[in-house]
Amino acid sequence: MLRDVSSCNTYNYGDALYWDTRYVQEAGSFDWYQRYSALRPYVRHCVSTSSRVLMVGCGNAVMSEDMVKDGYEEIVNVDISTVAIDMMKRKYENVPQMKYLQMDVRDMSFFPDESFDAVIDKGTLDSLMCGTNAPMCAVQMLGEVSRLLKNGGVYMLITYGDPRARMPHLNRAVFNWKIELYVIPRPGFQKPGDPPSNVKPCLEPIPLTEKGLLPVDYTMEDPDSHFIYICTKVDESVELSYKSTDPLTDDLRLESLSLRKD
């Protein structure tokens, strides 16, 4: 439940000023972790092209552009950086399928409840987990994602965080998500001694333990693989009937709701 200390450096990835400065200094586009070409089988498997999609923490990545080229009809992109959003608005001003809005994913009250069929997150939760008040930030963001998803909608999280680090945040009664896990090697990975080849995606989810962890005998060919969590909203909002046996979760949620009202 703590911040991802072992995977973070001295930068505060949850801070808008850091990202504004970075996007001013670094021209061009950059996609975290994986390009759409590698993620396409999973996206197409879980998200129909007619879905209204929210891309959180879009930055200056071209994933949304690639999805539109692949037939997706409406993608709303949000990012905390005004610099990135202004840049992308200019770049895609003639692409009606893509919209860009400056927004903090911890408070997306601009959108009404159940506004989206799918939310895609490629590294944004990870960024918050490297910032200050990481557990609270995770509760705020994931609470907003859950609120914005329609019943049956999908939150697709691409992350470096294995189930030990991510399931405590995702697998909560308040979200009522059905969670499936996939593992994808990092770009360019090949086993020592093997000829270069395209890694074929496995669209069979990994069976998890009762606690939502990887089986003890599961071995990843690439130890630095990325994880894809497919979280499907299986019921209406359970906020009114929410009951938890986890005092920390209760405290964080109450504080999150209080901050949203402020």
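Tutor: Start with the strands: E4 and strand E5 (residues 149-159) run parallel and are joined by 6 bridges. Keep in mind that this is a predicted model.

Student: What makes E4 and E5 a pair?

Tutor: Pairing needs at least two bridges. E4 and E5 have 6, so they pair. Within that pairing, Asp-121 stands opposite Leu-157 in E5.

Student: How do you know that strand E1 (residues 52-56) pairs with E4?

Tutor: E1 and E4 share 4 bridges, and at least two are needed, so they pair. These strands also run parallel. Met-55 has Ile-120 as its bridge partner in E4.

Student: Why is Asp-79 called buried?

Tutor: Its relative accessibility is 6%. The cut-off is under 20%, so Asp-79 counts as buried. Asp-79 is found in strand E2 (residues 74-79). Its contacts beyond four places in sequence include Tyr-23, Gly-57, Cys-58 and Leu-101.

Student: How far is Asp-79 from Leu-101 in sequence and in space?

Tutor: They are 22 residues apart in sequence, and their C-alpha atoms are 6.9 Å apart.

Student: What lies 3.4 Å from a polar atom of the Asp-79 side chain?

Tutor: The backbone nitrogen of Cys-58 does.

Student: Now the rings. How many aromatic pairs are there?

Tutor: The count comes to 7 aromatic pairs. One of them is Phe-110 with Phe-111, at 5.3 Å centre to centre and 80° between the planes.

Student: Are Phe-110 and Phe-111 buried or exposed?

Tutor: Phe-110 is exposed, because 60% is over 50%. Phe-111 is buried, because 5% is under 20%.

Student: What makes the pair of Tyr-155 and Trp-177 tilted?

Tutor: Their planes stand at 40°, with centres 5.5 Å apart. Under 30 degrees would be stacked and over 60 edge-to-face, so this pair is tilted. Tyr-155 lies in E5 and Trp-177 in strand E6 (residues 177-184), so the pair ties together parts 22 residues apart in sequence.

Conventions:
Residues are numbered from 1 along each chain as its sequence is written. This is a predicted model: local features need pLDDT of at least 70, side-chain atom pairs count only at pLDDT 80 or more; totals for chains, interfaces and linings use all residues. Side-chain values use heavy atoms; hydrogens and water are left out. Buried means under 20% relative accessible area, exposed over 50%, partly exposed in between (1.4 Å probe, protein chains only). Contact means heavy atoms within 4.5 Å. A polar contact is a pair of N or O atoms within 3.5 Å; within protein, one must be able to donate a hydrogen and the other to accept it, and residues adjacent in sequence count only if both atoms are side-chain atoms. Rings of Phe, Tyr and Trp (its six-membered ring) pair if their centres lie within 6.5 Å; planes under 30 degrees apart count as stacked, over 60 as edge-to-face and the rest as tilted.
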